Amino acid sequence: MYVFQHAGQLSIEEFYTPFGGKLDPNNRWVLLRNLIPWMPLESQYAPQFSAKTGAPAKPFQIAFGALYIQQRLGVTDRETVQLITESPYLQFFIGLSAYQAMPPFDPSMMVHFRKRIGPDLIKICNDMTKANGIAMIKEMLVSAEEDDSEQEEEQQLAAIDEALGVKPATLDPESNWGTLILDATCVPDDIPYPVDLRLLNEAREATEKIIDELFKQLQGKINRKPRCNRDKARNRFLAIIKKKKPKCAEIREVKRFKLNEIRRNLRAIDQMIHCGAMLLELGTQLYRKLLITSELYRKQQEMYDADSRRIDDRIVNLSKPHVRPIVRGKAGRRTEFGAKISISDDNGFVDVDRISWDNYNEANDLIARAKQYKEERGYYPARICADSIYMTLGNKKFCAENNIRLSGRPRKKQVEAEVQTAEQQELFKSDLRKRSVIEGRIGTSKRKYGLDRIMTKLIETSRTVITMAFFVMNAEKVLRLLRLLFSILVSVYILMLYLLASWRRPALLWAA
């Protein structure tokens with residue numbers, strides 16, 4: 001159930017603190033609360049709940065604010081709730097009307113927040129927040145120059161729009177404008193390096209635990225528990241895994257033994273089910289592991305029979321069966337295990353275009369992203385800066401038909417065929433420098449905003465974490481611009497007062 005109760009935007013003067021004092025209006029959390037448009041997003045969040053049935057859900061500002069705090073500070077679910085309980089600024093940010101010493105929600109609610117707030121809602125919030133921040137910056141700059149004429153004000157607005165990535169109104173509405181930078185990267189998941197023997201050993205232990213639970217249901221119906229070579233299987237696994245460089249024949253022999261153990265355990269589980277055991281009483285986690293183990297056994301047996309090390313849709317982790325190996329060919333890390341994402345940098349703001357746990361060719365995303373750019377603004381970008389993998393014939397043809405300059409390092413086969421002038425070479429180097437900006441965005445997202453290791457286990461929650469990381473990056477960029485602009489305006493104002501006082505001081509001295 002969801003009951004919407006909101007009396008309007010709360011000011012910092014109305015926020016009650018029992019220990020006295022008031023909140024600083026220049027604090028980053030206070031500025032962020034004013035930057036994000038909560039009311040329009042509330043109407044996007046509420047329809048997924050029932051108005052009459054179920055327990056009352058937490059408001060959107062609490063849910064989204066808690067996810068923002070966790071992603072920005074890089075803490076766990078429990079630590080997020082603890083920080084909110086200790087800080088009045090964080091409580092003001094998530095929409096509480098007064099400071100309270102009790103936690104506003106249980107840490108387990110963070111999982112539900114990640115499920116309810118998906119990538120689509122975060123994208124809507126990202127667009128609204130960016131537009132709101134640009135409007136606030138323009139308002140501050142225009143209000144600082146109130147004495148200018150109307151013509152000078154229009155020129156200033158055009159310069160401000162161009163600096164903020166907004167097309168000036170003086171240009172043709174249908175002409176191309178702006179720069180779009182495309183790239184793709186892999187976001188690693190928090191899993192150990194997948195070794196087949198370790199996976200098979202985990203699958204064996206899972207089936208043995210399932211046998212123990214099913215045997216409890218059949219007490220008195222069957223004489224004895226199905227046999228499992230637990231100690232022998234464990235000892236053989238430790239003996240081979242502790243070797244620094246085991247031989248291929250030894251690994252294959254232990255793998256054959258593990259597969260036989262799992263096959264016998266699965267057969268025993270089937271027999272226990274025929275005797276009356278209920279899989280529904282296992283619980284969600286054990287039942288899910290049983291399904292994953294069955295699929296893992298099938299794939300590993302197929303690889304063993306074919307004496308191969310590769311198979312489609314290979315399972316590399318029992319807790320995260322959706323994770324796939326992503327071959328990127330990077331130095332020192334040829335294969336990564338996680339989601340592959342396509343991102344685009346639009347005048348400093350990063351958008352997530354695609355998230356997939358299966359490997360794909362990112363060159364196919366260029367045309368779709370350019371069309372999305374036109375749907376949002378009404379015109380195509382003037383240039384697209386991308387890597388050499390995007391330099392396909394289809395992409396080049398599309399960009400030529402729509403008067404878009406596709407800039408990037410050409411492929412090896414195309415280098416000799418294309419002869420460039422000195423001006424074209426200089427333009428090419430300039431576009432390469434512009435494209436390198438997105439590499440810094442990727443590095444920042446992984447070092448600072450938690451994309452170096454995804455801790456969530458489900459697909460939908462992982463999508464939320466990835467999208468939220470780039471929203472936090474964009475919001476922090478707008479916040480830095482606002483604080484920088486405010487400090488510049490204050491410095492200019494203080495300098496003007498100082499100059500005015502220095503100009504009047506000699507006259508006062510002469511009059512005295």
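This is a predicted model: local features need pLDDT of at least 70, side-chain atom pairs count only at pLDDT 80 or more; totals for chains, interfaces and linings use all residues.
Tutor: Local features here need pLDDT of at least 70 and side-chain atom pairs count only at pLDDT 80 or more, while totals for chains, interfaces and linings use all residues. Residues are numbered from 1 along each chain as its sequence is written, and side-chain values use heavy atoms, leaving out hydrogens and water.

Student: Let's start with charges. What makes aspartate 189 and lysine 320 a salt bridge?

Tutor: The term asks for a side-chain nitrogen of Lys or Arg within 4 Å of a carboxyl oxygen of Asp or Glu. In this pair the closest N and O atoms are 3.3 Å apart, so the contact falls within the 4 Å limit. The structure holds 31 salt bridges.

Student: Which parts of the chain does the pair link?

Tutor: Distant ones: aspartate 189 sits in the loop between strand 1 (179-188) and helix 9 (196-217), and lysine 320 in the loop between helix 12 and strand 2 (325-330), 131 residues apart. Helices (H or I, at least four residues) and strands (E, at least two) are DSSP runs, numbered from the N terminus.

Student: Are aspartate 189 and lysine 320 buried or exposed?

Tutor: Both are buried, a word that means under 20% relative accessible area; exposed means over 50%, and partly exposed lies in between (1.4 Å probe, protein chains only).

Student: What salt bridge does lysine 225 form?

Tutor: Its side chain meets that of aspartate 212, at 3.1 Å from N to O. This pair also links distant parts of the chain, with lysine 225 in the loop between helix 9 and helix 10 (230-241) and aspartate 212 in helix 9, 13 residues apart.

Student: How far apart in helix 11 are glutamate 261 and arginine 264?

Tutor: They are three residues apart in helix 11 (residues 248-274), so about one helical turn separates them. Glutamate 261 has a relative accessible area of 3%, which means buried.

Student: Which residues are linked in a network of salt bridges?

Tutor: Lys123, Asp346, Glu376 and Arg377 are linked in that way.

Student: Which residues form the positive surface patch, and what makes a patch?

Tutor: Lys209, Arg288, Lys289 and Lys457 form it. A patch takes residues with over 30% relative accessible area and no salt bridge, joining like charges within 9 Å and nonpolar side chains (Val, Leu, Ile, Met, Phe, Trp, Tyr) within 5 Å. Arginine 288, in helix 12 (residues 284-306), has a relative accessible area of 34% and is partly exposed, so its value is over the 30% cut-off.

Student: How do you know that lysine 457 is exposed?

Tutor: Its relative accessibility is 51%, so the residue counts as exposed, the term for values over 50%. Lysine 457 lies in the loop between helix 17 and helix 18. The C-alpha atoms of lysine 457 and serine 319 are separated by 6.9 Å, although these residues are 138 apart along the chain.

Student: What makes the pair of serine 462 and threonine 456 a polar contact?

Tutor: Their side chains are joined at 2.9 Å. The term needs a pair of N or O atoms within 3.5 Å; within protein, one must be able to donate a hydrogen and the other to accept it, and residues adjacent in sequence count only if both atoms are side-chain atoms. The distance is therefore within the limit.

Student: Where do these two residues lie, and why are they called buried?

Tutor: Serine 462 is in helix 18 (residues 459-511), and threonine 456 is in the loop between helix 17 (437-447) and helix 18. Serine 462 has a relative accessible area of 0% and threonine 456 has 13%, so each value is under the 20% cut-off.

Note on methods. Accessible areas come from the Shrake-Rupley method with a 1.4 Å probe; for residues, only the protein chains shown count as cover. Lys and Arg count as positive and Asp and Glu as negative; His and the chain ends are not counted. The place of a charge is taken as NZ of Lys, CZ of Arg, CG of Asp or CD of Glu.
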